[in-house]
Amino acid sequence: MLMSKFTWNDLIQLNSVTTSYLSPLSCMAHIDVNAFFAQVEQIRCDYTRDDPVVCVQWNSIIAVSYAARKYGISRMDTIHEAMKKCDHLIPIHTAVFKKGESWWTYYDGYGSWMKEKEKQLPPDNYKVSLDPYRRESRKLFKIFKEYCYSVEKASVDEVFLDLGRLCFEDLMFSDDEVFQKSEAMQAIRNTFINGEYDLQTALPSLPDELKNLEFTGMVFNPANRPLLNDWDDIIFALASRETQKMRDVIKESLGYTTSCGIARTKNVAKLGSNFRKPDAQTIIKNNCLEDFLDNGSFEITSFWTLGGKLGKEICQVLNLPPKDSIKYIRNTWANSPKELESFLEKQLEERGGQFNELTTIDSTNIHTLAKKIFELSRGVHPVQLNTRPLVKSMMSNKNMRSSSCKSLIDCIDWLEVFSGELATRIQELEQEYNKVIIPRSATVLMKTTLGETYRKTTQLHNRDSKLACQDLLNATSKMAAELDKKYAEPNSKKFYPLTNMNLVISNFEILDLKKTVLDMFGNQAQVYEKNNDERNKDEMAEEEDHSTVIAAEEKTEELQCQKCDLFFPNTKEFQEHLDFHFASKLSDSLNGIGNDSRNLSVGEQRLLFSTKRPSSNSKRILSNGKKRKTAKGSGNILSFFSR
DNA sequence: TACTCACAG
DNA sequence: GGCTGTGAGTA
């Protein structure tokens, strides 16, 4: 009997938030918003996608809408060049702070392209604000979080999604007809639910009925390879539907078009999202991986983190050809990363322990590097999603024109802007995540015309544990005055005018705004709780949500595990219990992966198998529940409390 | 901790 | 090219 390439373990590992990226069935997506800043302005100002909008900062264009690209306009053009290419161009300037003011505004109708002198926005007296884009970014991120268990915010306009768990659930629980009608699929589902699988055993081969499943978006397949051949293809097809759903919601609710790439790894997914734009998604199946990497538009330096000096150095050291470097790597070191590593070692030896110009590659990192290059060239370099902490530092910066900053008074005017910007950014973060965020240090930096930099750091002590713009201004003005006194007064000619000035706040203390049940009814004061570990904020918010959700949900559901006849009061605990079965299975028969979860505390198990359930899918598992009573409308309360 | 460099969008 | 951000390495 024909079997799949994949084992039960590969499949079930998809469901683990912490190790899904290591499964050969893993499935990642990268989504980025096309010409983000331009789209934000297009939507804000009520233009359509066909209007040639560009987003402008001083004289340069920082984002070109796809409508404007049709005229051959690129980011390199100045605004005046662009207007020559398209006479009905719609330039929109970013929001700005005015020197001496602590808030930003849009000055629509103002900009360097305006003839009237009073409608200019001279960089001397204004500072660009990117706040509007951060706000929109947060809205986007929120939507992704609603639909997907595991989301990494890669930048203001892009995210990575680990779709493993979502696809796993689709496979096991979705009502899709293709699955419902397939007896073979039902058998697999039952095997799973009843825990009658052996992790080391190969999955059955793909039932013929499933070969009707359709992808959404473009499958990269110039070589016409079989579309649905094994379970990885099924996972990718499901993934393509999931990302399409999210992208549709974003397009309909916020108005943004996005591009998406789906592949086994983050690295390839990212190349994929960039492959077809705008408003498109590209699926790079495992059996088309090398076709994709070799299609002519990529080199080894196309991969993330290899775009700079490190990539150049790798090209030199490995003697890579200028074209088809990825294929060359695959063919030259065909069998193992070890071969590549020995080659690097030899090269290193020949050059006396150090490569030419840079010192980035040395004996301490060639092992890791060799493995990485080997895997990247095959499109299988596994990288986990990175859940970033809420904030590490925050900077407000201004490059000065000659006349912008000639005295201490000017410095303080700019500090007003910086303080205002940072204070509102902190405030917005606080509101969004229900936290109190207190920066404990602030650094003021000044750069003189001669290129010297002077800085001063101070500890912040806020009496009411809230960062007010005024507090920050007070603290930083003091520092500015000290710097002025120390460096400007003795030899004033060399100090002013400044060429750059910035303010950085860091060392954040993050307090939870713990809501008790009572306080939800408005009867009890809010309580701050100190959070002194490194857990990131998403995780925290999640836990909070759960506690309220469970409380309301508890009486409404009853689920039974077929395996041990236990009943469970809610979906969360039921899922947790199923997770427990996986964990046991894992530890029984696996060497290396996973701990013995039976000995783990609930909290530790949760780390292994997150039980977070995106709201849009929250009832899905019930569609397959064996025993369940009808929910008795606690929905209103629920939706009121959760966020 | 403070500072610089590399890399990215 | 201007601007904002993170992570690695170094002292």
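## Surface around DNA strand C

The surface near DNA strand C is made up of four nonpolar, three polar and six charged residues. In this classification Ala, Val, Leu, Ile, Met, Phe, Trp, Tyr, Cys and Pro count as nonpolar, Asp, Glu, Lys and Arg as charged, and the others, Gly among them, as polar. A residue is near a molecule or strand if one of its heavy atoms lies within 4 Å of it. The model is predicted: local features need pLDDT of at least 70 and side-chain atom pairs count only at pLDDT 80 or more, whereas totals for chains, interfaces and linings use all residues. Residues are numbered from 1 along each chain as its sequence is written, chains are lettered from A and ligands numbered from 1 in the order in which they are written, and side-chain values use heavy atoms, with hydrogens and water left out.

Of the 13 residues around DNA strand C, those that come nearest are Arg75, Lys127, Asn397, Asn399 and Arg425. Strand E15 (residues 393–399) supplies the largest share of this surface, with four residues; helices (H or I, at least four residues) and strands (E, at least two) are DSSP runs, numbered from the N terminus. Sugar or phosphate accounts for 81% of the atoms of DNA strand C within 4 Å of the protein, and bases for the rest. Polar contacts are pairs of N or O atoms within 3.5 Å; within protein, one must be able to donate a hydrogen and the other to accept it, and residues adjacent in sequence count only if both atoms are side-chain atoms. A polar side-chain atom of Arg75 is placed 2.5 Å from a base oxygen of DNA strand C. Phosphate oxygens of DNA strand C are approached by a polar side-chain atom of Arg134, at 3.4 Å, and by a backbone N or O atom of Met395, at 2.8 Å.

## Surface around DNA strand B

The residues that surround DNA strand B include Ser155, Asp157, Glu158, Lys270, Trp304, Lys309 and Arg455. Of the atoms of DNA strand B that come within 4 Å of the protein, 100% belong to sugar and phosphate. By class, the surface near DNA strand B has three nonpolar, four polar and five charged residues.

An N or O atom in the side chain of Asp157 is 3.1 Å from a sugar or linking oxygen of DNA strand B.

## Helix packing

Helix H6 (residues 164–173) packs against helix H9 (residues 231–253) at an angle of about 110°, with the axes 9 Å apart. Axes are lines fitted to C-alpha atoms, for helices over the stretch in contact, and angles run from 0 to 180 degrees between N-to-C directions. H6 and H9 are therefore roughly perpendicular to each other, the term for angles of 65 to 115 degrees. The contact (heavy atoms within 4.5 Å) involves Leu166, Cys167, Asp170 and Leu171 of H6, and residues of H9 including Trp231, Ile234 and Leu238. It comprises nine nonpolar, no polar and two charged residues.

Helix H14 (residues 337–350) and helix H15 (residues 366–376) have axes 8 Å apart and pack at an angle of about 130°. Among the residues in contact are Leu340 and Leu344 of H14 and Ile366 and Phe374 of H15. This contact has seven nonpolar, one polar and three charged residues. For helix H16 (residues 408–433) and helix H17 (residues 469–488), the axes come within 9 Å and cross at roughly 145°. Leu408, Ile412 and Leu415 are among the H16 residues that meet H17, where the partners include Cys469, Leu472 and Leu473. Here the classes are 10 nonpolar, four polar and two charged residues.

## Backbone features

Most residues other than glycine have a negative phi, and most peptide bonds are trans. A cis peptide bond joins Lys277 to Pro278, with omega about -10°; Pro278 is in the loop between helix H10 (266–273) and strand E14 (280–283). The bond from Tyr496 to Pro497 is also cis, with omega near 0°, and Pro497 is in the loop between helix H18 (492–495) and strand E18 (498–514).

Asn319, although not a glycine, has a positive phi of about 55° and lies in the loop between helix H12 (309–317) and helix H13 (325–332). Asn507 likewise has a positive phi of about 55°, but its place is in strand E18.

Methods. Angles under 35 degrees count as roughly parallel, over 145 as roughly antiparallel, 65 to 115 as roughly perpendicular and the rest as oblique.
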